[in-house]
Amino acid sequence: MEGSLPRHLCHVQKSSAIINRFHALIHSTALIALIYYRASFLLQNNDTRSGHTPIIPWLLVFAGELVLSFIWLLDQAFRWRPVTRAVFPERLPEDKQLPSIDVFICTVDPKKEPTLEVMNTVISAMALDYPPEKLHVYVSDDGGSSLTLYGMKEAWEFARSWVPFCRTHGIKTPCPKAYFSSLEDGDGSEFLGTEFMAERRRVQIEYEKFKARLRTASKEGGIRNESMSSPSDHPAGVEVIGADQVEMPLLVYVSREKRPSHPHHFKAGALNVLLRVSGIISNSPYILILDCDMYCNDPTSAQKAMCFHLDPKISPTLAFVQFPQRFHNISKNDIYDSGLRSIFSILWEGFDGLQGPVLSGTCFYIKRVAFYGSFIQDDIDILKLRESFGPSNEFIRSLGQNYKPSVGFLYQSVVEDYLTGFIMHCRGWTSVYCNPSKPQFLGSGVTNMNDMLVQGTRWSSGLFDVAISKFSPLIYGPLRMSILESFCYAYLAYFPLYFISVWCFGIIPQLCLLNGIPLYPKVSDSFFMIFAFIFVSSLSKHLYEVLFTGGSFQTWMNEQRNWMIKSVTCHLYGSMDAIMKKIGMREASFLITNKVVDNEQEKLYQMGKFDFRTSAAILAPVVILVISNMAAFMVGLARVIAAGNWDKMFVQVVLSFYILIMSYPIVEGMILRKDKGRVPPSITLLSTVLAMVLLTLGSTALMY
């Protein structure tokens, strides 16, 4: 009877779908009216137009409105059919019938990714509630650091106590750091007897000794002289740790060879090496991929994923099960939107209602054969296999089938997960999004502006790489997947273009406000209601989604503010970087996000104060925009009051005021704050000069 019960259920959020579709209909109708208003101005003859607004600022604002409308249209695909899922792991077959799983964990630099944090992730993966003989953990050390290898050996020794402890007592927090740091464990409370507490104290003492050994090794810089190698220039190395232990998962250290003269393709290259090495050693049919800081927070995630992978109705075409990324260090205010609420609470549920979500870099269980091309073919061409996978006879035998030559993670973008997932969906694979109430994985979110913008620039560059490549979702996708699925992928690829709209809306109306030039309809004009409706409709729909997913009004303000900041900076720089790479002016680069906790930065983050300690190139555009709006608002408002032309200039006054309200933390950082995290006075001065030059030149240009 148990075998006939479903292992998972899918629930369509009908009320949300109805609300979303109705809003999309009304909002799109208003956008059509806006476009008609703008286009009708352009179709006027020169004599009629001469008494009105100059053509250039009108065109620039219209371009910003068109880009914003285009991205909004793509965004609606996520909201067409949102779904949620429930799983029933207790209905899985017994352990001996479960398939084996390989776990891939990638690390690069112990200085930015502390070894202790990485080893906690490794240990948590080894402690998953899954048959230990069917679990194999591979760690890619892309920096070739002896400290990482030493840490893995120490982690293995501690895991010999930790893993049996978790299995014996049903511990529900498999990460030792999270388990021992919690004030009230809650895991296995039914075992809280003398014997349990004694064993817990013993394991905790071992963990403290383990931490002390790693910290000592970290201070000493490793366990051997690394002067002959560097993170970008070192030989290959593979070491199997604990192969003779039957009751423990296998642990494998992998460091691929890297030479400055050869491209190594960043994280995608490291994962593909793990794919080959694991294919020879264990060749498990399923793979869990984790970032080095994304530890397992629930031991049953593998079982939940198998509820989908072992369903004969969807398994033949199911490539991967994606879990959301959650973070343990997010403050209640979350001023940097580090929790990625919109992505994992709104967009991915909408993705799931179509063909499934995109690969999201970490926290997913993927079918190995999905990496090797399309579905399995019957004919075998050994020569093609050798061309694609190398000369290893063991690895060729592990494949057993002939796959298309584009295998593993793809190299055409630094966001290898996005592109690889897109191509998988184009080949007919599907995916599902599993979002249980308890986070299955927890990582470290960014807690300072510099890391937020560096990370955002990397994502923007990689996504726009795809947008301007032959794999552009609007060109490559529609013939290979549903139009709505391709719209979702296109939104992710093209959202860096937000920088066009935000720069246009943040500068052009303000220049015209300074010079008394109206860009929007009079308040008495019927088209004024169209612009007002679009503005209020967009903000209120966003606020509704924030509140619907458990956020607050402050969350809504933070997300609006970060959207503006990212658009002005990292979306701009990321798009420029992608274009420069496209025309051969620069090579691809990959800056990893710093995982080291800075106590001073962490304190500012928890207090809800922005930390503006970042490069001038990143910070200056934001400050220039804010100062320009301050000047335009004060001078323009005085001019409007003196001239009494509120009817013509009302929209531009409100727009500048709205930008200043959302930019208050930046104004505070320039004027009121005196701590180290304030906007540096040198950047404030430089930005003031550049803003005045911009406004002067812009005003002069409007005269002609």
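User: How do the residues of the lining of the largest cavity divide into nonpolar, polar and charged?
Analyst: The lining comprises five nonpolar, four polar and three charged residues. This is a predicted model, in which local features need pLDDT of at least 70, side-chain atom pairs count only at pLDDT 80 or more, and totals for chains, interfaces and linings use all residues. Residues are numbered from 1 along each chain as its sequence is written, and side-chain values use heavy atoms, with hydrogens and water left out.

User: What volume does the largest cavity have?
Analyst: Its volume is about 110 Å³. A cavity is a set of points on a 1 Å grid over the protein atoms alone where a 1.4 Å probe fits but cannot get out, and lining residues have an atom within 4 Å of a point.

User: Which elements give two or more residues to that lining?
Analyst: They are α1 (14-42), α10 (341-352) and α18 (528-548). Helices are DSSP runs of H or I with at least four residues.

User: Changing topic, is G698 buried or exposed?
Analyst: G698 counts as buried because its relative accessibility is 14%, where buried means under 20%, exposed over 50% and partly exposed in between, with a 1.4 Å probe and protein chains only. G698 lies in helix α25 (residues 681-702).

User: And how far is G698 from P57?
Analyst: Their C-alpha atoms are separated by 9.9 Å, although the two residues are 641 residues apart along the chain.

User: Where is F650 placed?
Analyst: F650 is in helix α23. With 34% relative accessibility, F650 counts as partly exposed.

Key. On a 1 Å grid over the protein atoms alone, a cavity is a set of points where a 1.4 Å probe fits but cannot get out, and a pocket is an open set with protein on both sides within 12 Å along at least five of seven lines; lining residues have an atom within 4 Å of a point. Grid points are joined across faces, edges and corners, and a volume is the space filled by probe spheres set on the points. Ala, Val, Leu, Ile, Met, Phe, Trp, Tyr, Cys and Pro count as nonpolar, Asp, Glu, Lys and Arg as charged, and the others, Gly among them, as polar.
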